[in-house]
Amino acid sequence: MLHILDRACPLCGTPSAQASPTKYGNTEWPIVECGQCGLVFIGRTPAQSEFEEERAWERSFVQETERRARDHGALFALDRLTRARFKLAYRRRPKAIVARLARPGPVLDLACGDGNTLHPPAPGYVPFGIEV
Ligand SMILES: [Zn+2]
């Protein structure tokens, strides 16, 4: 069962009723702009309990993989081969990119997957991650 909540601005706490829709997102996941501070964010979110149960990575990854295989057959198989080749060719590259672009300290890995991309971190870097 889905429990979708309207979301207050995560920066200033202004209620969602004072946010304006943008041209991005869709009816299920609208991207809105805060009427007070101007932050643009996803205006609705599942309840925390849903993240832990229905939308847990371990569960949703399997469901999405099965859906892609079913709906896209050959294209899905080709994509998996491409991903495998990419991993072989660029296995250590994310850490090199971080070392080149960021000073040592905390580093946020957006769409971190299983969190292994920056693990173990280079000396001086403290990785944080969020999977979307
Ligand atoms: Zn705000």
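Residue numbers count from 1 along each chain as its sequence is written. Because the model is predicted, local features need pLDDT of at least 70 and side-chain atom pairs count only at pLDDT 80 or more, while totals for chains, interfaces and linings use all residues.

**The sheet around G25**

Strands here are DSSP runs of E with at least two residues, and helices are runs of H or I with at least four, both numbered from the N terminus. Strand 2 and strand 3 (residues 30-33) run antiparallel and are joined by three bridges; two strands pair if DSSP finds at least two bridges between them. They belong to an open sheet of three strands, ordered 2-3-4, with antiparallel pairing. Strand 2 (20-25) and strand 4 each have a single partner strand and stand at the edges, so one side of each lacks a neighbour in the sheet. From one strand to the next, the twist averages 35°, with axes fitted as lines to C-alpha atoms and angles running from 0 to 180 degrees between N-to-C directions.

| Strand | Residues |
|---|---|
| strand 2 | 20-25 |
| strand 3 | 30-33 |
| strand 4 | 40-42 |

F41 sits in strand 4. L11 is 30 residues from F41 in sequence, yet their C-alpha atoms are 9.5 Å apart.

**The whole chain**

Zooming out, the protein chain holds three helices and seven strands, in the order β-β-β-β-β-α-α-α-β-β from the N terminus. An automatic or database domain assignment sets the domain bounds, giving domain 1 (4-50), domain 2 (56-90) and domain 3 (92-132). Between domain 1 and domain 3, the C-alpha centres lie 28 Å apart.

The radius of gyration of the protein chain is 19 Å, whereas a compact globule of 132 residues would have one near 14 Å; the value is taken over C-alpha atoms, and the globule rule is 2.2 Å times the number of residues to the power 0.38. Of the 132 residues, 5% count as buried.

How values were computed:
A residue is buried if 20 or more other C-beta atoms lie within 10 Å of its own, exposed if 12 or fewer, and partly exposed in between; C-beta atoms are placed from the backbone.
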